[in-house]
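Student: I would like to learn how to read the packing of helices in a model, one feature at a time. Could we go through it together with the structure in view?

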Amino acid sequence: MTVIQRAAVSVEEAGVRLGVSRSMVWKMVNSGTLRSVRAGKRRLVPISAINDFLEDGEGSSDDKTD
């Protein structure tokens, strides 16, 4: 049996993976903090964009020091 790795997920699934609400994902997408692509009428978040966000810590105020 072949296992297919998904290249992108819905906004809702991105929220689940990141542990945030769907509306928070939309805010992140609209602000450019989280990359996304349009597929027809759907907005998808590439898995690589989720991984980049988690690695870079973009938008996190907890890790920043002044």
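Student: Is the crossing of α1 and α3 left-handed or right-handed?

Tutor: A crossing is called left-handed if the near helix is turned anticlockwise from the far one by less than a right angle, and right-handed if clockwise; the crossing of α1 and α3 is right-handed. Before we go on, note that this is a predicted model, in which local features need pLDDT of at least 70 and side-chain atom pairs count only at pLDDT 80 or more, while totals for chains, interfaces and linings use all residues. Residues are numbered from 1 along each chain as its sequence is written, and side-chain values use heavy atoms, with hydrogens and water left out.

Student: At what angle do the axes of α1 and α3 cross, and within what distance do they come?

Tutor: Two packed helices are described by the angle between their axes and the distance between the axes. Axes here are lines fitted to C-alpha atoms, for helices over the stretch in contact, with angles running from 0 to 180 degrees between N-to-C directions; those of α1 and α3 cross at roughly 30° and come within 11 Å.

Student: Which residues make the contact of α1 with α3?

Tutor: Contact means heavy atoms within 4.5 Å, and here Ala14, Arg17 and Leu18 of α1 meet Ile47, Ile50, Phe53 and Leu54 of α3. These residues divide into six nonpolar, no polar and one charged, where Ala, Val, Leu, Ile, Met, Phe, Trp, Tyr, Cys and Pro count as nonpolar, Asp, Glu, Lys and Arg as charged, and the others, Gly among them, as polar.

Student: Why does Arg17 count as partly exposed?

Tutor: Buried means under 20% relative accessible area and exposed over 50%, with partly exposed in between (1.4 Å probe, protein chains only); Arg17 counts as partly exposed because its relative accessibility is 45%. Leaving aside neighbours within four places in sequence, Arg17 is in contact with Val9, Ile47 and Ile50, and the C-alpha atoms of Arg17 and Ile50, 33 residues apart along the chain, are separated by 8.2 Å.

Student: How many residues does the largest nonpolar core have?

Tutor: A nonpolar core is a set of buried Ala, Val, Leu, Ile, Met, Phe, Trp, Tyr and Cys residues joined through side-chain atoms within 4.5 Å. The largest one has 13 residues, and Ala14, Leu18, Val25, Leu34, Val45 and Ile50 are those with the most contacts inside it. Helices α1 (11-18), α2 (22-31) and α3 (47-56) each supply at least two residues of this core, and the largest share, four residues, comes from α3. Helices (H or I, at least four residues) and strands (E, at least two) are DSSP runs, numbered from the N terminus.
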